[in-house]
Amino acid sequence: MLIAFAGPDVENSFTLFMFSLYILSYIDWLLGTLLPVTNDQFLRGVTGYDWATVKANMWPDYRNGETITSVFAVFFPGFTGMMAGSMYVGDLRDAARDVPLGVFTSVTTTCVFYTIGVIVSGATMLRDVSGLSYPEFDNSTQMWKEFACAKNFTCKYGLMNFYQVAELEGAWGPLVIAGIFGMTISSTMTNLDQGPIIFQAACKDSLFGHFKYFGKDNGPNSLPRRAYIFLSILTMVLVLIGDLNVVNDIVSNLFLATYALVNYACFDASFARSPGWRPQFPYYNMWLSLAGAGMCVAIMFVLSVWKSLVCVGIFLATMVYMQRRGPGVNWGDTSQAHAYRNALHGLSKITNHPDHVKNYRPQILLMTGNPASRPALLDFASSITKGESLLIASHVVPYPQCERIFNLVRNLEAQMTEWLKAMKVRAFYQPLANESLRKGMQNLLQISGLGKLRPNILFCGWKQDWASKGRDGIEEIDDYVGILRDAFENDLGVCILRNCKDGFDLSEALLRHKVDDVAALKDGNRTEVQSSCVPQLTVQIPGPKNTKKSEEMKKGTSSFFSDKHFFGHVFGAKSNDKKEKSDAKRSKTLLQPLEAAAGCSSEGRLSLSLQMNRFHRKVKNAIIDVWWLYDDGGLTLLLPHLLRLPKSYLEGAKLRVFTLASSQACTQADERDMVALLRKFRIEFIDVKVIQDISRRPHPTTTREFERLISTMRTTTEDCRPGLISELDLNAQALRTNRQLRTRELLQQHSHDSDLVVITLPVPRAEITSNALYMAWLDLMTRDLPPVLMVRGNQTSVITFYS
């Protein structure tokens, strides 16, 4: 241990000295066998080179239950040192040449030395000698006479009973003893050199949480001195056993298991066909590696079945521990190569296979912007996909395309990927830099996904501030409605989620409350939701101790959730001040309920945390109202069914289905048909309601409220831009307007007490020239309600009777 402490230079010098001492002692023994036999040697069984001795020792003579396997178990650890050279692969000039050369040289040298040792000892010394009388030679049989003690195995000398054969036969006994000690110390130094280094590396990687103490470096050469001490003490404890043959089976099995894993790792790396695996040994073959691994495992069980099972159990327990702990270390293992190949082959297979409605999955392109600033929207979409369907969190970065922006986008993508992983959300983050939101989304609608893993639903949040700017905001309205039209034209379904009176963008509030750790704020509070729109909450404020997730997120930039702070410094004062002030004003308007609840910093953070977890905490005894107004392929019915399944915040919710009557006289028949249809679809529900009076004129109060809503979006003599609401538009769309207003009244009447309303989304058809009118329909229809999910499929069947 002290030599190992001194450093690699001193250790290498001592290793060379000890190895030289061993060679000298070996030569000393061989020379001693050529010298005349002394009386003391002859009394203990040394005969010198004699053919009769060779014939007497020719065949094996196992005793005391020993077999060839137990002898192999004792003998095998002596060969393990030949692999020590591979541990220095990083220090070699030409590892591809030096490692095979060194291994084969050591194997050959070891085999030659061992073979010479077996022949010399078997040809010069008898097996069983009493030590009380000299061995006698029988001239009639030309064999040595057997001692009486050999019959009951009580002899004290001979090859089977006396282990100091080399010292007895050597030319100078002390040199032999010195060589044995030297080789023992040399082997121990080798193990105390590489073993602690490997152990220290494991401790540094936090593979074993309670052993971090041993991962510290010491000295200029970063020596693992703490690991040296630990393993030295462990070695001395094992030496205290006194008879190492007791543990030889286990030691041999552990070595064989290690060699089996090394061989299999080589085979697995070749089988994965990773370009990074480039073995240069000319005679390497992956199937030989697999055969070697199988041979090692077979020998393990031949040696001892139960000890092999113990070793296998240790390795399996270690593997399970590693998988569960999930250390944040990337070793470039072959599992990544296999995952890539499997994903590529699987994607190619499903792409070349025709779709079937039974295998339909909602694959969502989520217009989330920066996901960290809109966690509630991300949670809701994740409640639909549940990690079993594709979810892409798209983010149009509103800045011009340039090298600096691209670098920041890549940096943000890395941080956001880690954030999604820390929040345990199975989603892909896809940023795209474009100053125009609509152009950016047009690009994303075309390029998102690969093969059959392409989005089939565009999911976005409701534009809460669409009317806040009046006529000045018509361009943003045109972009928003235009994106919906683009989605339909790209054969995607569309979902719009409205979060009561609240918006989804919390970036300004996070900055205002100086939140550095979004994950800790979101994950730190434990709430119990009892109501949907106005929750009564039991809250526990997190203590100063950070969770594991918050520690991971502190590695990133604290303001990565804000595009303005993350990207704005690139342009400095040249940024659009008017736009920033407008955005800040808009965010403040959207977050007025949040700010009103924030009497102090802790209360503000609490309210912010509740906003973030709006669609994360489970709602007990929830009710989902489904307004299936038009046949869109069944998407309006499928999504609420998925939301009531496990891994959703509405798990176990009850469904109430509302539909329109085909005529006033067929209400009961329509209800029976709908019940039968839902049962065929195997959709659980508690009630079906057929609406008869959808075509009735809305109440004057509703009409006046609609007039107030659109008053700021009407055309004037000075401003007749496309998208604004003209009198001609109102007259042309009067029937549809009345229908949307009447739908609002029915929603207020039947669904005010539900936890989620799912309703068929009106299509923004091309003949509706006023985008502001379309937004007014949606706004008034979904106002003053629980969260509303507006859904419209692309007329593709997504649900079937057949299982």
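Which residues of β12 point one way, and which point the other way?

1. Strand β12. Val788, Met790 and Arg792 point one way from β12, while Leu789 and Val791 point the other way. Each of these residues is buried. In a regular strand, side chains alternate between the two faces of the sheet. Five of the five residues of β12 are buried, so the strand is largely enclosed by the rest of the structure. Please keep in mind that this is a predicted model.

2. The chain as a whole. The protein chain has 803 residues, of which 44% are buried. Its secondary structure comes to 30 helices and twelve strands. Taking contacts between residues at least 6 apart in sequence, 79% join residues at least 24 apart.

3. The sheet. β12 belongs to an open sheet of ten strands with mixed pairing, in the order β5-β4-β3-β6-β7-β12-β11-β8-β9-β10. The edge strands, each pairing on one side only, are β5 (428-433) and β10 (687-691). On average, and with direction ignored, neighbouring strands of the sheet are turned by 20 degrees against each other.

4. The partners of β12. With β7, the pairing of β12 is antiparallel and made of five bridges. Cys495 has Val791 of β12 as its bridge partner. With β11, β12 runs parallel, and four bridges join the two strands. Here Thr760 stands opposite Val791.

5. Strand β7. Six of the six residues of β7 are buried, so this strand too is largely enclosed by the rest of the structure. Gly493, Cys495 and Leu497 cover one side, and Val494, Ile496 and Arg498 lie on the other. β7 also pairs with β6, in the parallel sense and over five bridges. In that pairing, the bridge partner of Gly461 is Leu497 of β7.

6. In soluble globular proteins, nonpolar side chains tend to be buried together.

7. Phe380. Leaving aside neighbours within four places in sequence, Phe380 is in contact with Phe459, Leu497, Phe615, Leu643, Tyr649, Leu756 and Leu789. One of these, Leu643, belongs to helix α25 and is buried there. Helix α25 (residues 635-643) is mostly covered, with nine of its nine residues buried. Among them are Thr636, Pro640 and His641.

8. Ser751 sits in the loop between α29 (734-750) and β11 (756-760). Is Ser751 buried or exposed? Its relative accessibility is 0%, so Ser751 counts as buried. The side chain of Ser751 makes a polar contact with the side chain of Asp625, at 2.7 Å. Other contacts of Ser751, beyond four places in sequence, include Trp627, Arg656, Phe658 and Pro786. Asp625 in turn has Arg656 of β9 as its bridge partner. Strands β8 (residues 623-628) and β9 (residues 654-660) pair in the parallel sense over six bridges.

9. Asn359. This residue is in the loop between α13 (334-351) and β3. With a relative accessible area of 60%, Asn359 is exposed. Asn359 and Ile799 are 440 residues apart in sequence, yet their C-alpha atoms are 9.3 Å apart in space.

Notes: Residues are numbered from 1 along each chain as its sequence is written. This is a predicted model: local features need pLDDT of at least 70, side-chain atom pairs count only at pLDDT 80 or more; totals for chains, interfaces and linings use all residues. Side-chain values use heavy atoms; hydrogens and water are left out. Contact means heavy atoms within 4.5 Å. Buried means under 20% relative accessible area, exposed over 50%, partly exposed in between (1.4 Å probe, protein chains only). A polar contact is a pair of N or O atoms within 3.5 Å; within protein, one must be able to donate a hydrogen and the other to accept it, and residues adjacent in sequence count only if both atoms are side-chain atoms. Two strands pair if DSSP finds at least two bridges between them. Axes are lines fitted to C-alpha atoms, for helices over the stretch in contact, and angles run from 0 to 180 degrees between N-to-C directions.
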